Every structure is written in structure tokens, then in C-alpha cells.
Amino acid sequence: MVAISDTGPRRDRRQTARAAHFWLLILLALSMVASLAIGASGVSLWAVLGKLATAQPLDLAEHVVLFDIRLPRLLTGIVVGAALAVSGALMQGLFRNPLADPGIVGVSAGAGLGAVVAIVLGPVLPIAVLGAALLPLAAFIGAWASMLILYRVATRAGRTSVATMLLAGIALAALAGAASGLLVYHADDDQLRDLTFWQLGSLTGASWAKMAIAGPVILGALLIALTLGRGLNGLALGEAAAHHIGIPVQRTKTTAILCVAAATGAAVAISGGIGFIGIVVPHLLRLATGPDHRMLLLNSALLGASLLLLADVISRVVIAPAELPIGIVTAVLGAPVFIWILLRQRGVVDL
């Protein structure tokens, strides 16, 4: 047997991906500092750190702003950004399509339907007793219900058809959109306003209580997803080839689908609809560092968290003291990049 040396472009890409780990960690650290330091209030992060270093007591406003508002918002931004980006990387690897994203299989549409049900029907149903937990819980249940339906439709004799899941996802998203539209038609003005802000996405409602519920779900899904790199690399060769080189194809597909459902469902439940993170982040990293999912998944988590934190900072300061929905910021930043990706693939631009 002839040994094949790991040299040339493949090794260069691997070194680039490893270097990206370092720089993305630096970017995440800077984004975290910006998220804690910048806001509409006059509380200074540096003044608070100075008091903590000298064991001085904090003012009530400083304690509330830093530990009850900005810190849970920071952690929510990290887990939501990482969840959306890693879910996008999983979907792109699963469908072998660099333009796939978590919304392609109807998970976001299912979460949206759950949110609409909670907002419009919550006041008249017994579920209203859940209070503030009703909206994220309903969105999470909607996301999981849509994924379970898709999995049952696309799985036969123990094998899941990715193509069938894609087509069923499009149909289910349309059905969920129609059901949401029917409920929205009967909503009053206040409910319509709540729905609009939820669909645009925001980290404004971040809290320790929501993090305690959604955080473990997202972190668990991300940790499992990071183990799928080798399997997704094998699937890139085709299912038959992946099976012959020892990849557990069905287990890899099932695990990836469940991770996407858990991570995206929990993320959308606590932040609303935030677009472009899941499709742009993994695709940009694939162009820059190569398609090796063992590197891509972790880098996607780091870049997704950083970009969402930076988008949140922009949303806080651009029309301060009011806040711009973060979904608008990610769309304004992500849409031009997405168009550039499309043009690059067609050969219109060469950058």
C-alpha cells in the first residue's frame, strides 16, 4: 500500500481552518466585550469592572443593567448565533447543497405557527396560564412537531430520503404559512404588533429563565453536532460511497436532523425569526477554509455567535434609545453577501 502524504492544497486548507479557530476566538471575545459595554443606558462596563476589582459595591442600576440585562442577552446571542450557523452547516452537508439553511425543511415555519397560535389563541385557551413561557414553548413545540412529521414522511424501511424530506419540507412550510395566515387574519392590532416584532427577531426579551430552558437544549445539540464532521464528509461522496468507507449513513442523517430540530427550534423560540446567519456563515467559511466539516462546524459556531452579537450591538445603537429588530440588521448585512455568493457561483464576479 502506498502512503499518500498530506501535502498541497488540502494541507493548506486545513492549516487555514486551524488558523481561523484562533482569529474567530479573538473576534468572539471582542464581540462579547462590545455586547457588554455598548448600550442605550449610561452604565459603563469599565466602571463596573473597576468596582469589582476593588471590592466596591455596585449601584442598583449597574447591577441590573450588567447582570440582569446585558449578560443574559450576551449568552443568548452566543447560543442562538451558534445554533443557527451550525444548523446551516448541518443542512448544507446533509443536502450536499451550499445554499441550504435550517428553514428549508420547514422547522422555522413550524416554530412560526406555534408562535402565532400562542399569541392569537393564548388568551382564550387554558394554555394562557403558562404566562411568559407560553410563546417560546409553543414555538419550540411547533418546530419539533414539523420535524417529526417530516421525518416520518421521509423515512421508510429504516432509511431516510433527503430528497423526500426537502420536498415535504417545502409543502409543510406552505401549509404552516397558510395556517398562520388564517390565524393572523383574526388577530387584533396588539396581536399583530406582537407577531410582527417576533417574526423580525430580537434578543430584547433575553433572560436567565429562558436561558435555563433553551440553553441546555442548544448546547446539547451543538456538542452532538460537532461529532458529525466525519460522517458529513463521507456523505459528500454520496450515500453509497459513504457506506462503503464505513460511515453509518442512516445514523448520521438522523442525528443531524434531530440536532437541527433541537438547536433551531430552541433558538427561534427565544429569539424569533433571524435570517441569513444559517445560510451565509457556513458558506463563507466553506469558501475560505474548505469543506472539511470537522473544522467547519466549530468555526461556524464561533462566527455565527460573533456576527449575531455584533448585529445585536448595531440594533441597540443605530436608533438609540429605541432598538431595531435584529432580523432587520442581519438581513441588511446578509442579503448583499448572499447575492455576492450567487454571483460568484455563476462566475459573474471573480473575488
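Q: Which residues make the nonpolar surface patch of about 490 Å²?
A: First, the ground rules: this is a predicted model, where local features need pLDDT of at least 70, side-chain atom pairs count only at pLDDT 80 or more, and totals for chains, interfaces and linings use all residues. Residues are numbered from 1 along each chain as its sequence is written, and side-chain values use heavy atoms, leaving out hydrogens and water. The patch here is built by Ile314, Val318, Ile319, Ile328, Val332 and Leu333.

Q: Which helix gives the largest share of the nonpolar patch?
A: That's helix H14, residues 326–346, with three residues.

Q: Is leucine 333 exposed or only partly exposed?
A: Buried means under 20% relative accessible area, exposed means over 50%, and partly exposed is in between (1.4 Å probe, protein chains only). Leucine 333 has 49%, so it counts as partly exposed.

Q: How do helix H4 and helix H6 pack?
A: Two packed helices are described by the angle between their axes and the distance between the axes. Helix H4 (residues 107–121) and helix H6 (residues 162–185) pack at about 15°, with axes 9 Å apart. That makes H4 roughly parallel to H6; angles under 35 degrees count as roughly parallel, over 145 as roughly antiparallel, 65 to 115 as roughly perpendicular and the rest as oblique.

Q: What is the phi of phenylalanine 276, and where is this residue?
A: Its phi is positive, about 75°, although phenylalanine 276 is not a glycine. You'll find phenylalanine 276 in the loop between helix H11 (249–271) and helix H12 (277–289).

Note on methods
Patches are made of residues with over 30% relative accessible area and no salt bridge: like charges are joined within 9 Å, nonpolar side chains (Val, Leu, Ile, Met, Phe, Trp, Tyr) within 5 Å. Accessible areas come from the Shrake-Rupley method with a 1.4 Å probe; for residues, only the protein chains shown count as cover. A salt bridge is a side-chain nitrogen of Lys or Arg within 4 Å of a carboxyl oxygen of Asp or Glu. Helices (H or I, at least four residues) and strands (E, at least two) are DSSP runs, numbered from the N terminus. Axes are lines fitted to C-alpha atoms, for helices over the stretch in contact, and angles run from 0 to 180 degrees between N-to-C directions.
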